[in-house]
Amino acid sequence: MTRASARLSARMRAAAASLSLGMLMVLGGAGDVHAQDTRTLAKFLSSCNSDRNGCRDNLHDYTLAASRQGMICMPKDLSINEAVGQELDWLRNVGAQKDEINNGNAEDAEWTAISTLWPCASDATTETAAR
């Protein structure tokens with residue numbers, strides 16, 4: 001990775017984090033933001049067992065925002081709901097394999113998942129999803 005692309009990647013992560021944090025403040029109130037912002041992936045995935053809809057809503061909003069801002073590029077034929085399922089599978093699989101991800105910040109893990117699953121490229125088979 002070049003220095004320029006590393007800076008761009010860091011800026012994209014920061015923008016996604018800011019957007020997600022802003023969305024959490026608007027949707028959940030400022031008191032919930034701090035608790036959600038500092039939770040580990042393990043705690044997030046555990047909460048998915050008891051609140052499936054809340055879990056999927058969180059992933060949906062994060063993924064859709066990153067896609068609309070052009071930070072990720074999902075395949076044209078992939079619905080946002082299918083993308084959320086793939087992201088959740090990725091988080092569970094990688095979290096189970098890598099303690100540093102499982103014990104790390106959930107939002108960082110979400111960014112790693114979506115940027116790994118759907119990086120933007122000049123390939124004509126991908127586009128920024130506006131769904």
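The questions and answers below concern a helix pair and the disulfides of a predicted model.

Visitor: How are residues numbered, and which pLDDT limits apply?
Guide: Residues count from 1 along each chain as its sequence is written, and side-chain values use heavy atoms, leaving out hydrogens and water. Local features need pLDDT of at least 70, totals for chains, interfaces and linings use all residues, and side-chain atom pairs count only at pLDDT 80 or more.

Visitor: Are helix 3 and helix 5 parallel or oblique to each other?
Guide: The axes of helix 3 (residues 41–50) and helix 5 (residues 80–97) come within 11 Å and cross at roughly 130°. Angles under 35 degrees count as roughly parallel, over 145 as roughly antiparallel, 65 to 115 as roughly perpendicular and the rest as oblique. Helix 3 and helix 5 are therefore oblique.

Visitor: Which cysteine is joined to Cys-48 by a disulfide?
Guide: A disulfide is a pair of cysteine sulfur atoms within 2.5 Å. The sulfur atom of Cys-48 lies 1.9 Å from that of its partner, Cys-55.

Visitor: Is Cys-120 buried or partly exposed?
Guide: Cys-120 forms a disulfide with Cys-73, S to S 2.0 Å. Buried means under 20% relative accessible area, exposed over 50%, and partly exposed in between, with a 1.4 Å probe and protein chains only. Cys-73, at 9%, is buried. Cys-120 has 37% relative accessibility, so Cys-120 counts as partly exposed.

Visitor: What pattern do the disulfides of the chain follow?
Guide: The count comes to 2 disulfides. With bonded cysteines counted along the chain, the pattern is 1-2, 3-4.

Conventions
Axes are lines fitted to C-alpha atoms, for helices over the stretch in contact, and angles run from 0 to 180 degrees between N-to-C directions. Helices (H or I, at least four residues) and strands (E, at least two) are DSSP runs, numbered from the N terminus.
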